[in-house]
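Look at the model below before you read on. Then follow the report from the whole chain down to single residues.

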Amino acid sequence: MSIDGTFLLLIWTNSFIGFSNAAVPVFSNLDNTHTIADTFSVTTSIYALTATDADGDALTYSMTVSSAYFDLSGQDVRATGAVPADAYALTFRVIDTSGGIATGTLTVTVTNSAPTLTNTVWTASAAESETDETQLFLIEYTDASAADYVDCVVQSSTPISSDFFVRYDSVNSKYAVYAQQNPTLTAASYSLVIVCTDLSSASDTGTLIVTVVQNAAPVFQNPGGTVTIASSSTSIGTTVHTVTATDTDSQQLFYNMTTNPGGAPFQIQHSGDILLTQSILGLTIATYTLHVFVYDGYNLVGPDTVTISVSGINNAPTIDNLPGTASVAENTAAATSIFQVSTTEPDAGQTLTYTAFSTPGSVMSYLSLNSATGLLSTSSTNINFETVGVTTVTVSVIVSDGTATVTSDLALTITDVNEAPSFQKSQYTSSGSEGLAGSSFSNPNFVINDEDTSDSLTTSIDCASTFTMNPTSGALTLTAPYDVDTGSGTTVTCTVTVTDSLLTDTSTLTVTINNINDNTPTFNPSVYTWYTDSTSTIGTSVGTVTATDGDIGDFGTISYSLDNSADAAYLGVTNQGVVYVKSSIESLGTGGSTLAFIVTATDTGSLAGNAAVQIIIPATTTTSTTTTTDRHMSFDESASNVAWLTTFCGVGLLLAGLLVFMAYKNGFFTWIVDALDRMCELCRRKKSWDLPEEEEYEEESEEEEEEYAYTPPPRQQQVATIGEYGWNPWKQDNAY
């Protein structure tokens, strides 16, 4: 390093060392607090900042954060105008020429100045009759706060009233107390608590006494008096008298009045005119007392008594026996007397006229009042208790002498009379089918009228042996089994009676009993056995089956048919039950055959019965001699005969053995041996036994046995099943 460089470094080092040893300025009155009132309205110095510097450097002051209400001028802290009450933290800085810095905080507390009411007199007055909104009192107050706002209200009223309020008067720039429009000021005075409050809720209170100036009462100018009017010449609307009154406070006066007796034919207008409201011709009251009152909206003055005298009075007739009561029964004959009105007419020579009306008005149609005599009787319209709708009617009777009328009421009771029920129709019908007891028939649906709606009605019939009727619903059932097929009729006519327990009515009930298909065709006998030769030609009748059906009419018509078996295919049957050869049976003669099948009898209702038929076709040979197969079975051809004979022989042998043993034991052996010989002989002869007819047949055949050889039919037992039992043709007697 050169000498010059060393010198410069030395100078810089000395300067740095000198700067590092410089003193920093210090606030001598910060941090601090300061209190002021909110009464400033212009820029005002409120605090002076002070600071020291050990080096004696010049100091510069500044405000680190600007404020809306404060600034710094040199060392003076100033309020720039009106400052609201609050606490404000202001931060300041001081700096010396060497760059030394110090900061500090000044907390300025701005205190609120409360408003002060300054009125010296706290009284006001309000007119009772005032109708407009009225200012009663101006509120005087002061508030030192330059930036404050004051609001005044009526806090309370004694006695309680909502007729007073406070509003700002922009003309006077003050708050004022008002009475609202059309106030209701019923007390002599009101104590109003007035409160004025600023933004900081500081307030001052004053009590305003409002005295109510009472309204002056109206005064009658022509009190009392008597007025006379003529009953015959004073017309409706005539002013019979005028009442005059004055009022110093009110321009509008209102009149009212009461009368004695009440309901007098007079009315007072708000002008004070008393008018006649109805004709007094015929009225009997000679004097009316009118009590007149006048009202100005606040004061009711009266009564002022006016007497009205009526001249030329006509005395009204009187009804002597009304109010009263009477009764009339429903269905009473026309022109039957009910009540005689009795009257008195005080004025001689007067003719009375009677009229009436009823409440309800519809009842008057059942009544008639003689206009000359006052006799109340029934009219030509029959009284029906159930349709009148009321049981007690008010009949108002009016009696007039041509000028005056009088009205009185008769309480007329309408009494109920039991009336007979009646069928709406003279003929009703029902229908059903023959059947067992209890079988239902269609309901005749009787329509029964009975004016007495509370009556309990029951029905009955005079054919109870055949039908049973529900007494309430009219439902119809069979009392006992009913069968049209046995001859019972298909129509039964009954007399139906309805009763309310006292009175009755009758109608005719025609019941139709339908014949139903309730019988199945039946064969008698149910099993048939016939013989026919295999040479029988097509169409040849083999035999006839007979079935009967218990149903009459169409359901009793029977048709016959054969089953679908192979045996039945050779045969046909007519609707008369004749079984005939339908296909050739010649082939069945070889070796003999038996045809077994079922014949069915069906009625038109599809009910069917069956019978079993067996046709025996004997075996034949090709010989020219004509033979007949018309014979009975031999004894041994019957399997049943063989069976019982075999059983008999077995039992006999058993008994024989027992007898031999007993005979051996008892010495009767000889008698037993003889008995056994006779029994064995019987067994050897069993096959030679036959019926008398067969013996006759054998005698006839011995002469021709060289030309004709008879081969009995094979004993192949074909069993045809009929319903629930089996049928064996070999057990039947030959019916052919």
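**Ground rules**

This is a predicted model: local features need pLDDT of at least 70, side-chain atom pairs count only at pLDDT 80 or more, and totals for chains, interfaces and linings use all residues. Residues are numbered from 1 along each chain as its sequence is written, and side-chain values use heavy atoms, with hydrogens and water left out.

**The whole chain**

The chain has five helices and 56 strands. Both kinds of element are DSSP runs, numbered from the N terminus: helices are H or I with at least four residues, strands are E with at least two. There are 736 residues in the chain, and 36% of them are buried. Buried means under 20% relative accessible area, exposed means over 50%, and partly exposed lies in between (1.4 Å probe, protein chains only).

The accessible surface of the chain comes to about 39,300 Å². Carbon and sulfur atoms hold 52% of that surface. Such areas come from the Shrake-Rupley method with a 1.4 Å probe; for residues, only the protein chains shown count as cover.

Now take contacts, meaning heavy atoms within 4.5 Å. Among contacts between residues at least 6 apart in sequence, 66% join residues at least 24 apart.

Strands of a sheet pair through backbone hydrogen bonds, either parallel or antiparallel. Here, two strands pair if DSSP finds at least two bridges between them. Four strands form an open sheet in the order 2-9-8-5, with mixed pairing. Strand 2 (32-37) and strand 5 (59-63) stand at the edges. Each has a single partner strand, so one side of each is left without a neighbour in the sheet. From one strand to the next, the twist averages 30 degrees. The axes behind such angles are lines fitted to C-alpha atoms, for helices over the stretch in contact, and angles run from 0 to 180 degrees between N-to-C directions.

Strand 5 pairs with strand 8 (residues 86-96) in the antiparallel sense, over five bridges. S62 stands opposite R93 in strand 8.

**Two disulfides**

How many disulfides does a search of the whole structure find? It finds two. A disulfide is a pair of cysteine sulfur atoms within 2.5 Å.

| Disulfide | S to S distance |
|---|---|
| C152 to C196 | 2.0 Å |
| C463 to C494 | 1.9 Å |

C152 lies in strand 14 (residues 151-158) and C196 in strand 17 (residues 189-197), so the pair ties together parts that are 44 residues apart in sequence. The torsion about their S-S bond is about 110 degrees, so this disulfide is right-handed. Are C152 and C196 buried or exposed? Both are buried.

The link of C463 and C494 is also right-handed, with 105 degrees about the S-S bond. The pair links distant parts of the chain, 31 residues apart. C463 sits in the loop between strand 41 (458-461) and strand 42 (467-469), while C494 is in strand 44 (residues 491-499). Both C463 and C494 are buried.

Count the bonded cysteines along the chain, and the pattern is 1-2, 3-4.

C649 has a relative accessible area of 17%, so C649 is buried. L352 counts as buried too, at 15% relative accessibility.

Where is L352 found? L352 is in the loop between strand 31 (343-344) and strand 32 (353-359). Leaving aside neighbours within four places in sequence, L352 is in contact with residues including P317, T343, E345 and S371. L352 and A404 are 52 residues apart in sequence. In space they are 9.9 Å apart, C-alpha to C-alpha.
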